[in-house]
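Here are a few notes to read alongside the model. Take them one at a time and keep the structure open as you go.

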Amino acid sequence: AALYRIDRWGPPYFAVNSSGNVSIRPFGDATLPHQEIDLLKVVKKVSGPKSTGGLGLNLPLIVRFPDVLKNRLESLQAAFEYAVESHGYGSHYQGVYPVKCNQDRFVVEDIVKFGYPFRFGLEAGSKPELLLAMSCLCKGNPDALLVCNGFKDAEYISLALIARKLSLNTVIVLEQEEEVDLVIDLSRRLNVRPVIGVRAKLRTKHSGHFGSTSGEKGKFGLTTTQILRVVRKLDAVGMMDCLQLLHFHIGSQIPSTTLLTDGVAEGAQIYCELVRLGACMQVIDIGGGLGIDYDGSKSTDSDISVGYTLEEYACAVVGAVQAVCDRKGVNNPIICSESGRAIVSHHSILIFEAISASVSTLPPAISSLALDYLADGLTEEARGDYQNLSASAMRGEYDTCLVYADQLKQRCIDQFKEGSLGMEQLAAVDGLCELVSNALGVADPVSTYHVNLSVFTSIPDFWGIGQLFPIIPIHRLDQRPGVRGILSDLTCDSDGKIDKFIGGDSSLPLHELGGGGGGYYLGMFLGGAYEEALGGLHNLFGGPSVVRVSQSDGPHSFAVMRAVPGPSCGDVLRVMQHEPELMFQALKHRAEECLHHEEETAAGLASGLARSFNNMPYLLPGSASSVSCGFI
Ligand code: PLP
């Protein structure tokens, strides 16, 4: 298990149990071992056939743990409450969850429910996000904030104003200067007194990958000059009382508390200036950025790590706001954060299966007959290389051997291309060169494990921005892995592979397939934020199946509360405007026409086709054998 660094990135939720399987501690408490859930047992239960008590879902699979979500929310709240108390801070913390991090209905509903006791709210960045936030918050705490960020048109602003009419604690955050005119006009027409926030462009710049939206040239927010113009406009129409919130966002994955303190202090100065200018300021919204330590290295100069804990983050924020406001004699504002990654990353695990491996094995023995035959067909130069290769091998000059082997191979490829060498001879040369590399210990020792997954659908940030997540086998962790491998997905795309892993490794220690009797399951951890919504449909591989799992009565027992199969072939075809029902009818009709003298076969084909439209696009279990393919 140490090989996979679980002890660094896993606590307090992930560990390895005595069976060598990953176990989940849904309450983040290592002192409650009887509450650990064996992840392999969950996977077996969910993917096992219905005939043996399983749920019959296909992999890949997302396993959600709502208890982990609850624990994350409570830990964030507790960290801020502790910081407020220990600083003697004059107000409270009241966070919002940016739904863009994971808009799944049950994730958002859980957050609203778990956050009720501490008035936890939601942040939306688009019209559909606003609609979902409005409807979810109807069941939320009436004081919970509904922060409306993002570029807005009249419809977005009208929706936000309607939300206020529905007694949701809505704040329209001006992201562009022009939005203020729409807010003034529409609020009059709809007869609603709006609560307005401004998003400030900070000068503080986050230098990591996620910092491109920060700094003076950042994509979002108002410059100092624009904020002043907005204030004058609101003043002129008697709406200064509406301006109550200052928002800024330093960038996601803020690496250190030094940068955090710097940015928050700058934001707090702007907040105090707005108070001085006559706004009725109540809330400082510090945006997202609370980071996740994906590799557990606690490093401050990496995009996948952060050098602070939740508690240190909260203390830095509270301390920075308080210092500025107290110096200026401004009442301590409510502190709001839009922490997304930090709330949802841990709660779900993506499980996928390795289906086969191209293991670098010893090449087949080459008989002297094959070699003679090979030598016969070679050009004079190539034959020279072959003889030199043999001679240097006899003399023990191994470096020279490699040079001649490479040269020979290239000449043979050229010969093959021009048609003077057959496939058998080319294969014999490949075998010979591999034999030489293996004998000299320079063969590529990395195997390729084919996985039943689409990187583009399920780990899009790896493909798009090189984001690394902990990926490990979820079982056999008590056995030493014998192979190093990279993971290659199902898509017909050379980018559909994972060849970089946390710790800077370009391969992953893996176990030989077939050992342990059954499938070989891998898990991608800490991917609960962003990955689900960002994923695409490359090669028409849709999303994974999803289950929600909770601890239940009895030691180590769990309950699967909701199990939803991933989109079927028909579902993904529909996204691209195809009409699966019509497609099926057309194919069925064709089968009946072509097989009019074989009625039963035609009917069998039609029901096989129907099953294919209904099945997920991923490889089905055991489908390498024709027995389970549904047509025969
Ligand atoms: N708020 C805003 C305005 C953002 O742009 C983002 C993401 O970049 C977030 C909140 C969430 O950030 P994080 O997931 O780092 O907490």
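Predicted model: local features only at pLDDT ≥ 70, side-chain atom pairs only at ≥ 80, totals over all residues.

1. Start with the length of helix α10, residues 310–328. With 19 residues at 1.5 Å a residue, α10 should span 27 Å, and its end C-alpha atoms are 28 Å apart, which agrees. Just after α10, have a look at Gly329, which takes a positive phi of about 65°.

2. Which parts of the model do the buried residues of α10 pack against? They pack against α3 (66–87), α9 (257–276), β11 (283–285) and β12 (334–336). Among the buried residues of α10 are Tyr313, Ala314, Val318 and Gln322.

3. Now for the pair α3 and α10. Two packed helices are described by the angle between their axes and the distance between the axes. Here the angle is about 45° and the axes are 8 Å apart. That makes α3 oblique to α10, and the crossing is right-handed.

4. Zoom in on that contact. On the α3 side you'll find Leu76, Phe80 and Tyr82, among others, and on the α10 side residues including Leu310, Cys315 and Gly319. The residues of this contact divide into eleven nonpolar, four polar and one charged.

5. Last, find Ser305 in the loop between β11 and α10. Is Ser305 buried or exposed? It's buried, because 22 other C-beta atoms lie within 10 Å, and 20 or more is what it takes. Leaving aside residues up to four places away in sequence, Ser305 touches several residues, including Asp293, Tyr294 and Lys298. Asp295 is on that list too: it sits ten residues from Ser305 along the chain, with their C-alpha atoms separated by 6.3 Å.

Note on methods:
Residues numbered from 1 in each chain as written. Helix = DSSP H or I, 4+ residues; strand = E, 2+ residues; numbered from the N terminus. Expected span 1.5 Å × (residues − 1). Buried ≥ 20, exposed ≤ 12 C-beta atoms within 10 Å, placed from the backbone. Contact = placed C-beta atoms within 7 Å. Axes fitted to C-alpha atoms, helices over the stretch in contact; angles between N-to-C directions. Parallel < 35°, antiparallel > 145°, perpendicular 65-115°, else oblique. Left-handed = near helix turned anticlockwise from the far one by under 90°. Nonpolar A, V, L, I, M, F, W, Y, C, P; charged D, E, K, R; others polar.
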